[in-house]
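Here is a short briefing on one protein chain. Please look over the sequence and the structure first; the notes by topic follow.

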Amino acid sequence: MLRIVAPGRGAVPTATSTCACGRNRSAAGHQHVLALITDHTAHRDLCPLLTEERNAA
């Protein structure tokens with residue numbers, strides 16, 4: 001799950017990336033949040049729990 005909070009103009013955006021495999025990462029600031037989004041997307045393709053579910057289907 002990826003949760004992004006962008007409270008408005010001039011505020012610092014934050015994001016949290018969690019997964020059932022135990023992964024739990026967070027970021028604050030525009031560039032860090034963008035990097036976490038990229039990392040979260042890559043994790044979805046590599047996570048053993050998610051790839052096992054796809055392979056079983």
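**Briefing**

Cys19 has a relative accessibility of 18%, so this residue counts as buried. The model is a predicted one. The chain has two helices and three strands.

**Cysteines**

- How many disulfides does the structure hold? The count is zero.
- The closest cysteine sulfur to that of Cys19 belongs to Cys21. The two sulfurs are 3.6 Å apart, which is too far for a bond.
- The cut-off for a disulfide is a pair of cysteine sulfur atoms within 2.5 Å.
- Seen from the other partner, Cys21 is likewise in no disulfide, with the sulfur of Cys19 as its nearest cysteine sulfur.
- Cys21 has a relative accessible area of 37%, so Cys21 is partly exposed. Cys19, in contrast, is buried at 18%.
- Both cysteines touch His43 of the chain.

**Overall layout**

- From the N terminus, the elements run β-β-β-α-α.
- The chain has 57 residues, and 21% of them are buried.
- Take the contacts between residues at least 6 apart in sequence: 16% of these join residues at least 24 apart.
- The chain exposes about 4,200 Å². Carbon and sulfur atoms supply 55% of that area.

- Helix H1 covers residues 30-46. Its length is 17 residues.
- From first C-alpha to last, H1 reaches 25 Å. That is close to the 24 Å expected at 1.5 Å a residue.
- Which residues of H1 are buried? They are Val33, Leu36, His40 and His43.
- These four cover an arc of only 75° around the axis, so they sit on the same side of H1.
- An α-helix has 3.6 residues a turn, so residues three or four places apart point the same way.
- What do the buried residues of H1 pack against? Their partners are strand E1 (2-5), strand E2 (14-18) and strand E3 (24-28).
- The face turned away from the buried side carries exposed residues: His30, Gln31, Thr38, Asp45 and Leu46.

- His43 lies in helix H1. Its relative accessibility is 16%, so His43 counts as buried.
- Leaving out residues up to four places away in sequence, His43 touches Cys19, Cys21 and Arg23.
- Ile37 is also placed in helix H1. Is Ile37 buried or partly exposed? At 27% relative accessibility, Ile37 counts as partly exposed.
- With residues up to four places away again left out, Ile37 touches Leu2 and Ile4.
- Ile37 and Thr16 are 21 residues apart in sequence. Their C-alpha atoms are 9.1 Å apart in space.

**Salt bridges**

- The structure holds two salt bridges.
- Arg23 pairs with Asp39, and the closest N and O atoms are 2.0 Å apart.
- This pair links distant parts of the chain. Arg23 is in the loop between E2 and E3, and Asp39 is in helix H1, 16 residues apart.
- Arg23 has a relative accessible area of 9%, so Arg23 is buried.
- Asp39 has a relative accessibility of 30%, so Asp39 counts as partly exposed.
- Arg25 and Asp39 also meet through their side chains in a salt bridge, at 2.9 Å from N to O.
- Why does this pair tie together separate parts of the sequence? Arg25 lies in strand E3 and Asp39 in helix H1, so the pair joins parts that are 14 residues apart in sequence.
- Arg25 is partly exposed, because its relative accessible area is 42%.
- Salt bridges with shared partners join Arg23, Arg25 and Asp39 into one network.

Methods
Residues numbered from 1 in each chain as written. Predicted model: local features only at pLDDT ≥ 70, side-chain atom pairs only at ≥ 80, totals over all residues. Heavy atoms only, no water. Buried < 20%, exposed > 50% of the residue type's maximum accessible area, 1.4 Å probe, protein only. Contact = heavy atoms within 4.5 Å. Areas by Shrake-Rupley, 256 points an atom, 1.4 Å probe, with all protein chains shown as cover. Expected span 1.5 Å × (residues − 1). Arc of directions from axis to C-beta. Salt bridge = Lys/Arg side-chain N within 4 Å of Asp/Glu carboxyl O.
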